[in-house]
Amino acid sequence: MSTPRFYLDQPLAPGARFSLPPGPARHAARALRLVAGDTITLFNGRGGEFAARIERIHKDEVAVSITGFADIERESPLRVLLVQGISSGERMDYTLQKAVELGVAAIQPIAARRSVVKLTGERVDRRVAHWQGVVASACEQCGRNQVPVVAPPLPLAQWLGQQKGGRLLFLSPLAETRLADLPPPAAQDWLVAGPEGGFEADEIAALHAARATPVRLGPRVLRTETAALAALAAMQTLWGDF
């Protein structure tokens with residue numbers, strides 16, 4: 001069994017002693033049923049990971065001490081930033097979770113016209129916080145010590161107006177170019193994937209106007225929750241660390 005990993009958004013240092021926050025503490029005590037003396041790994045997204053030991057568990061309070069630091073990173077050499085059309089509920093969660101496992105560097109949710117989910121007001125902040133939690137949990141599972149940032153959602157046109165730097169790719173079943181036809185990235189790639197119903201004609205026109213390269217993933221039409229993941233896996237195979 002691998003050592004349980006916990007993401008803590010706080011300063012960490014060897015020799016520190018403290019109680020885990022409520023969420024990680026409940027997970028350690030109730031779900032994992034850890035006991036005093038067990039070892040765990042902590043990370044805060046600021047580089048490396050920390051070995052720690054559970055000193056005491058009382059109900060939902062878990063006291064730990066940090067015993068060491070390892071300057072370990074498991075980031076991909078390929079820098080891909082995912083621009084994902086917002087999909088509904090578990091579909092979006094699944095895409096973000098697996099994109100993190102596949103090494104994505106950052107995530108920009110896009111509010112497209114055909115997005116089923118329409119976020120306004122306080123719902124935006126709550127959903128972004130939820131997505132960031134999904135990303136942090138995926139880092140705990142897959143061993144990453146850098147936590148990709150989920151940016152606040154933007155309309156596609158607004159994001160394109162702000163976008164600069166790197167190669168811009170968007171997934172299209174009508175494209176003639178395959179990922180394998182492209183040269184390796186010189187710096188970073190922006191990978192744009194549409195929502196459940198795809199992009200509208202004017203959104204596609206805006207992507208073309210921004211000089212985005214349309215690419216296809218074979219002759220089959222993939223669902224929104226799998227399209228970007230298939231592309232990320234292919235990019236890691238072609239140019240990354242697969």
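Two strands are taken to pair if DSSP finds at least two bridges between them; strands themselves are DSSP runs (E, at least two residues), as helices are (H or I, at least four), numbered from the N terminus. The model discussed here is predicted, so local features need pLDDT of at least 70 and side-chain atom pairs count only at pLDDT 80 or more, whereas totals for chains, interfaces and linings use all residues. Residues are numbered from 1 along each chain as its sequence is written, and side-chain values use heavy atoms, without hydrogens and water.

By this criterion, E1 and strand E3 (residues 39-43) run parallel and are joined by 3 bridges. Within this pairing, Phe-6 stands opposite Leu-42 in E3. The two strands belong to an open sheet of 5 strands with mixed pairing, in the order E1-E3-E4-E5-E2. Strands E1 (5-7) and E2 (17-19) stand at the edges with a single partner strand each, so one side of each lacks a neighbour in the sheet.

The structure also holds 3 aromatic pairs (ring centres of Phe, Tyr or the six-membered ring of Trp within 6.5 Å; planes under 30 degrees apart are stacked, over 60 edge-to-face, the rest tilted). In one of them, the rings of Tyr-7 and Phe-43 have centres 5.5 Å apart and planes at 45°, so the pair is tilted. Because Tyr-7 lies in strand E1 and Phe-43 in strand E3, the pair ties together parts 36 residues apart in sequence.

Phe-43 is buried, at a relative accessible area of 0%, while Tyr-7 is partly exposed, at 22% (buried means under 20%, exposed over 50%, partly exposed in between, with a 1.4 Å probe and protein chains only).
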